[in-house]
Amino acid sequence: MYAGAGRAGSGPVKGTRPVLYDAVLLDRDGTLIEDVPYNGDPEKVRPVPGARAALDRLRAAGLRLAVVTNQSGLARGYFSEEQMRAVHARIEELLGRFDAWLVCPHDDTDGCDCRKPAPGLVHAAARELGTSASRCVLVGDIGRDVAAAMAAGAAGVLVPTPMTRPEEIAAAGWLASDLPATVDEILRRQQAVHAVPGPTGERVGTTLVVRSDSAGDMLVTGPAVRAVAAGAQRVVLLCGPRGRAAADLLPGVDEIIEHPLPWIDPTPAPVDPDAMRTLTARLAAVGADEAVVFTSFHQSALPLALLLRMAGIRRIAAISDDYPGALLDVRHRVPVGVPEPERALSLAAAAGHRLPVGDEPVLRLRQDALPPRPADIGDPGYVVLHPGSDASSRACPPELAARIAEALTAAGHRVLVTGGPDERDVTARVAAAGGTDLGGRTDLPGLAAIVADAGAVVVGNTGPAHLAAAAGVPVVSLFAPTVPFGQWAPYRVPTVRLGDAGAPCRDTRAASCPVPGHPCLSGIDPAEVVEAVRVLAGSGGDGR
Ligand SMILES: [Zn+2]
């Protein structure tokens, strides 16, 4: 590939505050300038509306800019490198200077690792700019752009044009209407995780943080819990039974209270007044100075806020679109589509807490809470295939999982099939087609330890995807679109998304698939999974 002329900045300075993004990577044709196929003529360069002002706002915010572009016209001889450089000079004349230019000169038949959707250009751009792919956001107009970003572990924004295919729009986790709107949202998200300093700037004594629901929900709240922990002397976490094992893995938690919340659980027990009184008394005994209540976008923080008020907690922060009256002191609101970890971080920020120097907005686990990896599963670098999920709508159909196991094994991978004690039938069936059956052999920490040494994890939208993200292990995400991908995708880790993003279960939040045949996932070709694992092999292990 052609790289720019070494104009990169000096990279993130050690000891600086964590940020979401250091750099914005931009596709060229159809994103920065109007798409003129195989253009070698500077006179035909036409920026998209508002591009110059939008890019200047990114520059003013201290973000570095790179262009990442497929130019197969070079391989095909439609224009020369010299003509291309003239086009790029004209683009800089109109749009201002870019810190790096990364060009793939190959076409699809070359099998290079830089032509998008491969992640090579994104990694190269991050290197040129002295940062990591996870601190980059890429803006493009087709599915290849977003796929390249995700495969590198960067964020990807799709700004569709009339040429963008509907399935590419359906699959995008982050959509924007045009380049200026994209820039607004990048800057808004960047700003949202920066805390507003409190009146004194002093650490509070005890903060009660709350995250009910399942393991995955707890894991994605981890960065926000660390942010709170940085600003509090003691952190007490209230969780439900289904999130307890994950809560035990979160750094920054000093004490855990476990209690189900009937307004959060998907199959709730009736509200028991005595149990609520007991919980309220227990919360009062914490003696918290403040509470930060984390929820998913479809859950309400208000019933618990009332109990917290009755427990005497004076300062309560939560996200609430519903009118909270006197129940909240910090009422935070977040647009739809923001990744859950960032959504939670932005609430922590609104409550006055932010990640400390040296931390990063990524998922992390307490390493001292993980057991050693079992000796009998071989060296690191295997592929973990986790077919199950608490919600069957998000599980991989067993028949497909078996074919995936078979295809991965045939491609030379060592496959470990994982699942809970109640999933042993499925894991045995899948492993019989290829791989080692670890069904029922792991609790959550044990699974986390195995996932941490994997080369890749093949999994639906369920807890182990977030364990992989916490270990920096690439994910082949068999993502049932029952909830938005942009909110629940494995966070800041190399990912390939597979499955039909436009299937009828989309946005239904269904726990069991409402459509006969589970079509969102059953149409996945095992060869796609093998190819995804190959693509991700170049993106693994950022040493988290
Ligand atoms: Zn290439």
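Modeller: α4 (120-128), α5 (143-152), α6 (166-171), β17 (495-498) and α20 (526-536) each give at least two residues to the lining of the largest pocket. Helices (H or I, at least four residues) and strands (E, at least two) are DSSP runs, numbered from the N terminus. Keep in mind that this is a predicted model, where local features need pLDDT of at least 70, side-chain atom pairs count only at pLDDT 80 or more, and totals for chains, interfaces and linings use all residues. Numbering runs from 1 along each chain as its sequence is written, and side-chain values use heavy atoms, with hydrogens and water left out.

Biologist: Which element supplies the largest share of that lining?

Modeller: α5 does, with 6 residues.

Biologist: How much space is in the largest pocket?

Modeller: About 1200 Å³. Of its 41 lining residues, Pro-117, Gly-143, Ala-147, Val-496 and Arg-497 are the closest to the centre. A pocket here is an open set of points on a 1 Å grid over the protein atoms alone, where a 1.4 Å probe fits, with protein on both sides within 12 Å along at least five of seven lines; lining residues have an atom within 4 Å of a point. The volume is the space filled by probe spheres set on the points, which are joined across faces, edges and corners.

Biologist: And which domains does the lining of the largest pocket draw on?

Modeller: Domain 1 (16-193) and domain 3 (370-538), at least three residues from each. Those bounds come from an automatic or database domain assignment.

Biologist: What about the second largest pocket, what's its volume?

Modeller: About 1000 Å³. It is lined by 41 residues, and the closest to its centre are Ser-214, Arg-242, Asp-390, Arg-394 and Thr-462. Domain 2 (204-351) and domain 3 (370-538) each provide at least three residues of this lining.

Biologist: Changing topic: which residues hold the zinc ion?

Modeller: Cys-104 (SG), His-106 (ND1), Cys-112 (SG) and Cys-114 (SG), at 2.0 to 2.2 Å. Donors are N, O and S atoms within 2.8 Å of the metal (3.2 Å for Na, K and Ca), and water is not among the atoms, so sites may look incomplete.

Biologist: What's the geometry of the zinc site?

Modeller: Tetrahedral, with angles of 98 to 115° among the 4 donor atoms. Four donors get that label if all angles lie between 85 and 135 degrees.

Biologist: Why does His-106 count as partly exposed?

Modeller: Because its relative accessibility is 22%. Buried means under 20% relative accessible area, exposed over 50%, and partly exposed in between (1.4 Å probe, protein chains only). Cys-112 is partly exposed too, at 23%.

Definitions and conventions. Four donors count as tetrahedral if all angles lie between 85 and 135 degrees; four count as square planar and six as octahedral if opposite donors are over 155 degrees apart and all others between 65 and 115; anything else is irregular.
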